[in-house]
Amino acid sequence: MNNKWAWLILAVIALAVGVKISLPLLATEAPLHSAQLLPATKALPEIRLEKDKTGIFTAENFKGHWNLIFFGFTNCPDFCPLELQKLGKLLQLSQQTQQANFPVQVIFISLDPERDSPEKINAYTGFFHPQIVGLSSSNPELVKVAHFFGSDYSRKATKAGALLNIPAGIDMPDNVDNNYQVDHSARIYIVNPESSYIGSFAPPHNAEHMWGDLQLIMSKHKPAVL
Amino acid sequence: MLSGKLFNRKNFHDHPRDDRLMTAIKKIAVLTAALLLPLFCFAVNSSAASLKVEDAWIKLAPPTATSHAGYLRLINNSKQALAISHISATGYAHAMLHQTKIVKDKAQMDHLQVLEVPAGAVIALTPGAIHLMLMNPQQPQKVNDQVTITLEFSDGTQQKFVALVQANHE
């Protein structure tokens, strides 16, 4: 009789230990590939970006979408086309997947307002996917938006043979050689449907991996009443 | 003295035997020069001859793009390092060698004054790394367009190859 009770107690203890060990393992999720989430979300400030001659893009336009933001410039022959091609592919993947979540919105912000007109930006982004939103603004507004995301940029230009470093937010001086470069963030920033900045994808980027990460993030998202 | 005899012009031509010797020396000199000439020419062009260019392509860019990027693989089969100091491309105002680098999350593009290809080395110019920067295209770009690119080496020799415009290159 005593033995029977001893075995029963032992079995209960074993079961409790087993449950304690296995539950966290069962709850383990697939790790994120390249998405890095902020410890706390950050609501977008008041911003005014130019979509085209008449359209102004503000924080309100981020609402109701999963937004992926990439900073660059259209004279960038290597890195920007590579990244926009991946973002176009991600947009395609998201549109092929049936989901009850908010749609993905890819936004390209040009940091080169002197050379990139809204029309030029839209022709550039449309090459990679017709629904990529191309934006720009004045230098002071651009630096405000870039710095909000913790993103930095700078430009190197030559004027009469002298090398000039033009920091973020400053207008390009007159009469510089038009073939200047813009050094910019290599990250892709994520803004949730409540227009809060929640994290970013660190380079190198892969469309399938980013889409996988974004689906995981979406699955954990509790939509606020908009 | 032998030296006196040989280098005294008058004495030299005074003896028929010495004339025959002089003719023989001249023939040897001409023959040697004839044999060495192709070797000299080969040396001048050795850079171009020993660099193999493979998989050269230019990425199809948006129609508004004022710069295009070219990619290829360079194989140096020689026993000497080769240095590419200048490039040019038909249909473009300027061409340069550039390198994209990610430094502290920032994408930056550096101009390479010289690209050295060490002896026996293979250097791949790929998207997001070293690439040809082709600026100010004179005509709109189309898939399958052929662009002749000229590499100029530090020794002054040149090598030409053709790169094909492609949307993607797997």
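Among contacts in chain A between residues at least 6 apart in sequence, 71% join residues at least 24 apart. The model is predicted. Chain A holds five helices and eleven strands. Strand 11 of chain A pairs with strand 1 of chain A and with strand 10 of chain A.

**Overall form**

- Chain A has 226 residues, and 38% of them count as buried.
- The radius of gyration of chain A is 24 Å, whereas a compact globule of 226 residues would have one near 17 Å.
- Along the principal axes, the C-alpha atoms of chain A fill a box of roughly 100 × 35 × 30 Å.

**Strand 1 with strand 11**

- Strand 1 of chain A covers residues 35-43, and strand 11 of chain A covers residues 196-201.
- These two strands run antiparallel, and five bridges join them.
- Across this pairing, Q36(A) stands opposite S200(A), which belongs to strand 11 of chain A.

**Strand 10 with strand 11**

- Strand 10 of chain A spans residues 188-191.
- Four bridges link strand 10 to strand 11 of chain A, again in the antiparallel sense.

**The hairpin turn**

- Strand 10 and strand 11 of chain A form a hairpin, with four residues between the strands.
- In this hairpin, S195(A) takes a positive phi near 55°.

Notes: Residues are numbered from 1 along each chain as its sequence is written. Chains are lettered from A and ligands numbered from 1 in the order in which they are written. This is a predicted model: local features need pLDDT of at least 70, side-chain atom pairs count only at pLDDT 80 or more; totals for chains, interfaces and linings use all residues. Two strands pair if DSSP finds at least two bridges between them. The radius of gyration is taken over C-alpha atoms; the globule rule is 2.2 Å times the number of residues to the power 0.38. A residue is buried if 20 or more other C-beta atoms lie within 10 Å of its own, exposed if 12 or fewer, and partly exposed in between; C-beta atoms are placed from the backbone. Two residues are in contact if their C-beta atoms, placed from the backbone, lie within 7 Å.
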